[in-house]
Amino acid sequence: MIDEIKSALQELSSSEKKKFLPKFFKAGKGEYAEGDQFIGVTVPNQRKIAKEFGDKISLAELEKLLSSPIHEHRHCALLILVSIFEKSINSKERKEIVEFYLKNRNHVNNWDLVDNSCYKILGRYCYENQDNTILVNLSEEENLWSKRIAVVATMFHVKKGSFSLLKELTLKNLHHEHDLMHKANGWLLREMGKKDQKELLDFLNLHYQKMPRTTLRYAIEKLDEDVRQDFLKGRI
């Protein structure tokens with residue numbers, strides 16, 4: 001099954017994309033995804049393969065695909081995992097999938113892998129079980145991707161109108177040294193604002209002067225221009 005999936009992905013690969021993607025995902029020497037490998041498959045085509053094979057693969061096989069050095073293999077594996085989780089109505093099976101995700105999170109090691117999987121699995125699981133311990137613990141790890149998983153996973157909470165966890169985790173890593181965390185924090189704050197602008201404005205009024213500039217710019221992106229300028233120029 002793994003060989004079939006890899007072969008199907010290879011057939012949809014593009015030499016042009018293969019050349020472009022390492023630059024886009026910062027896989028060069030000294031960059032955050034140094035050494036990541038690509039075969040040049042678009043996300044829509046990866047979704048097509050995930051849909052085709054998703055009902056036929058076991059977690060044991062999926063673990064092998066997720067451990068591949070090829071980026072598209074790992075991403076396809078995560079797309080399948082999300083599909084399995086969303087289709088499951090068995091609490092024991094869902095817990096097993098969450099444990100599988102956490103066990104293999106060292107392979108969830110680029111922003112797209114994080115963003116397209118964590119809130120649909122970990123975020124949903126924590127919200128529905130009313131226990132955010134997993135995400136709080138991840139936010140306290142030193143690993144960049146664990147921290148990003150934690151904050152992006154709150155997307156499920158935000159979509160449900162629950163904002164307290166996002167605020168907590170944003171503040172916990174507000175001054176993380178990496179731009180990818182600044183962007184993630186700002187992005188999720190922006191999503192909160194789309195659900196409830198007052199919640200965003202109240203949070204910003206308390207904390208915007210201490211925020212990294214990137215976080216602030218992302219957070220205020222959907223506000224009226226005059227309000228945006230007030231925040232950017234420190235007039236509030």
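Predicted model: local features only at pLDDT ≥ 70, side-chain atom pairs only at ≥ 80, totals over all residues.
**Exercise 1. Work out which residues of H16 are buried and what covers them.**

Step 1. Pick out the buried ones: Arg228, Phe231 and Leu232. Buried means under 20% relative accessible area, exposed means over 50%, and partly exposed is in between (1.4 Å probe, protein chains only).

Step 2. Check where they point. The three cover an arc of only 95° around the axis, so they sit on the same side of H16. That arc is taken from the directions that run from the helix axis to the C-beta atoms.

Step 3. Recall the geometry: an α-helix has 3.6 residues a turn, so residues three or four places apart point the same way.

Step 4. Look at the cover, which includes helix H14 (197–207) and helix H15 (213–219). Contact means heavy atoms within 4.5 Å.

**Exercise 2. Describe how H4 and H5 pack.**

Step 1. Take helix H4 (residues 59–66) and helix H5 (residues 71–87): their axes are 8 Å apart, at an angle of about 150°. The axes are lines fitted to C-alpha atoms, for helices over the stretch in contact, with angles from 0 to 180 degrees between N-to-C directions.

Step 2. Name the arrangement: H4 is roughly antiparallel to H5. The cut-offs are under 35 degrees for roughly parallel, over 145 for roughly antiparallel, 65 to 115 for roughly perpendicular, and oblique for the rest.

Step 3. List who meets whom. From H4 come Leu59, Leu62, Leu65 and Leu66, and they meet His73, Arg74, Ala77, Leu78, Ile80, Leu81 and Ile84 of H5.

Step 4. Sort the residues of this contact: nine are nonpolar, one is polar and one is charged. Nonpolar covers Ala, Val, Leu, Ile, Met, Phe, Trp, Tyr, Cys and Pro; charged covers Asp, Glu, Lys and Arg; the others, Gly among them, are polar.

**Exercise 3. Visit two loops: are Ser88 and Lys222 buried or exposed?**

Step 1. Start with Ser88, in the loop between H5 and helix H6 (91–103). With a relative accessible area of 4%, Ser88 is buried.

Step 2. Leave aside neighbours within four places in sequence, and Ser88 is in contact with Glu93 and Arg94.

Step 3. Now try Lys222, in the loop between H15 and H16. Its relative accessibility is 55%, so Lys222 counts as exposed.

Step 4. Skip residues up to four places away in sequence, and Lys222 touches Arg190 and Lys194.

**Exercise 4. Where do Lys26 and Gln130 lie?**

Step 1. Lys26 is in the loop between helix H2 (15–24) and helix H3 (43–53). Its phi is positive, about 55°, although Lys26 is not a glycine.

Step 2. Gln130 is in the loop between helix H8 (118–129) and helix H9 (133–139). Phi of Gln130 is positive too, near 55°.

Methods. Residues numbered from 1 in each chain as written. Heavy atoms only, no water. Helix = DSSP H or I, 4+ residues; strand = E, 2+ residues; numbered from the N terminus.
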